[in-house]
Amino acid sequence: MNINLTLIGQSITFLIFIAFCWKYVWPALIKVMKDREDKIAAGLEAADRADKDLELAQKEAAKKLHEAKEQAASILDQANKRANQIVDEAKQQATAEAGRIKTAAEAEVEQMVNRAKEELRGKVAALAIAGAEKVLQANINEAANTELVNKLAAEL
Amino acid sequence: MASEAQDSTGYIQHHLQNLTYGKLPAGFERHDEHGQVHVLEHSEWTFAHSSEEATAMGFNAIHVDTLGWSIVLGALFIFIFSRVAAKATIGKPTGLQSFVELVVSFVNNTVEDIFHYKNRMIAPMALTIFSWVFMMNLMDLIPVDWLPVAAAKVTGNEHLFFKVVPTTDPNATLGMALTVFALMIFFSIKEKGLMGFIKELTLHPFHSGKIYIDIFLIPINLILETVSLIAKPISLGLRLFGNLYAGEMIFILIALMFGAGLVLGIFGGVLQWAWAVFHILVITLQAFVFMVLTTVYMAMAHDTGENH
């Protein structure tokens, strides 16, 4: 219980420990804790930013998808129209071709009919004359009769 | 019965005496263990064998146990904390590091709440005080006889005085309190200038602004302020000492019961446990109070006080 030199010894010890703590303990620990705080703050901020980025990207993706769908629809539309057009064109061409072929065929048929008529006419004239010759048994002026028969034949 | 009472008194006194190394004055009569008396021719540096000898040494003595334990505990604190500080990583703190960081951030928050001035020494000082005083107080929870008996066995001197709780020695607590006081005056003069410091002592709390009234007020102020200034370190040191001394005393009284039969011994064990649990609160609180008051005094020293 006596007050003695211990008092001063304790004071000096106290000051030495304060100095040690001040130099080697406190700054290092505070720095580490501060750095960690900063790191955590930065991490949280980055997470926030990433969240926002994700949201933006999702919006962007939805927009792109929508655009693509629209484009696809319009392309499909155009293709359909074009196909219809091609079919129409083909139909027209086919109709025209058919008309043309028909006309040619008709013309040929007419030609053939005419030729057959011509042939028939010739044969009818000869046949008529031969018939008439046999009927009449007479020698008739061939030239005058021919003319007559030809007139007859033309009437056919 | 009389000798038993004598034994109890001796036991208590033995527990309250520090291991003292000091200078015995010339002409002092020493009693050795055989009851013989020999008179010192010259003054001599030696260990005190009794409290009379320790008293006779006066100021020229050192409490080896107090100083030894406080240095060991302080060194332990510095060792643990500086090792953690050197190895500390920014990543997730684990084990000892998280404990140390808990203490540091607790002290840092407390100091930041109280002390709003620029001085990078205050927070480390508060940490030192808190941890060191706490560890010194913690020695109180070790059963009172363990370390003294161990020390007596090691040295072979069964009358060896050995107090293991530095803060039950007023030298230790007042030594710290006076250091705080010296720092207070140092920072006061550094922040306010010598004149500012003197003005603070003389022009507070009564101040009229008229010179012929102030002449009479200055002495009153000086007395008031000086008393309140000096009361700070004294109360700071004695508060810690008183709390721990009383706690130690109760542990010693409880320890007396262990020698008084089985029933009383078991009762003493229960009491010791209960008191130790309660004492955990006391030692932490006293360490915290010492730290907070030191910080408050430092804040007062830095307060240049524009509103006079």
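Student: At what angle do the axes of helix α4 and helix α5 of chain B cross?
Tutor: First, the ground rules. This is a predicted model, in which local features need pLDDT of at least 70, side-chain atom pairs count only at pLDDT 80 or more, and totals for chains, interfaces and linings use all residues. Residues are numbered from 1 along each chain as its sequence is written, chains are lettered from A and ligands numbered from 1 in the order in which they are written, and side-chain values use heavy atoms, without hydrogens and water.
Tutor: Helices are DSSP runs (H or I, at least four residues), numbered from the N terminus. Axes are lines fitted to C-alpha atoms, over the stretch in contact, with angles from 0 to 180 degrees between N-to-C directions. Here α4(B) (residues 95-114) and α5(B) (residues 122-138) cross at roughly 125°, and their axes come within 9 Å.

Student: Which residues in α4(B) and α5(B) meet?
Tutor: Contact means heavy atoms within 4.5 Å. Among them, Phe106(B) and Val107(B) in α4(B) meet residues of α5(B) that include Leu127(B) and Phe130(B).

Student: Which aromatic cluster holds Phe106(B)?
Tutor: Rings of Phe, Tyr and Trp (its six-membered ring) pair if their centres lie within 6.5 Å; planes under 30 degrees apart are stacked, over 60 edge-to-face, the rest tilted. Phe106(B) clusters with Phe130(B), Phe134(B) and Phe288(B).

Student: How many aromatic pairs are there over all chains?
Tutor: The whole structure has 15. One is Trp275(B) with Phe278(B), tilted, at 5.2 Å centre to centre and 40° between the planes. These two are three residues apart in helix α9 (residues 262-302) of chain B, so about one helical turn separates them.
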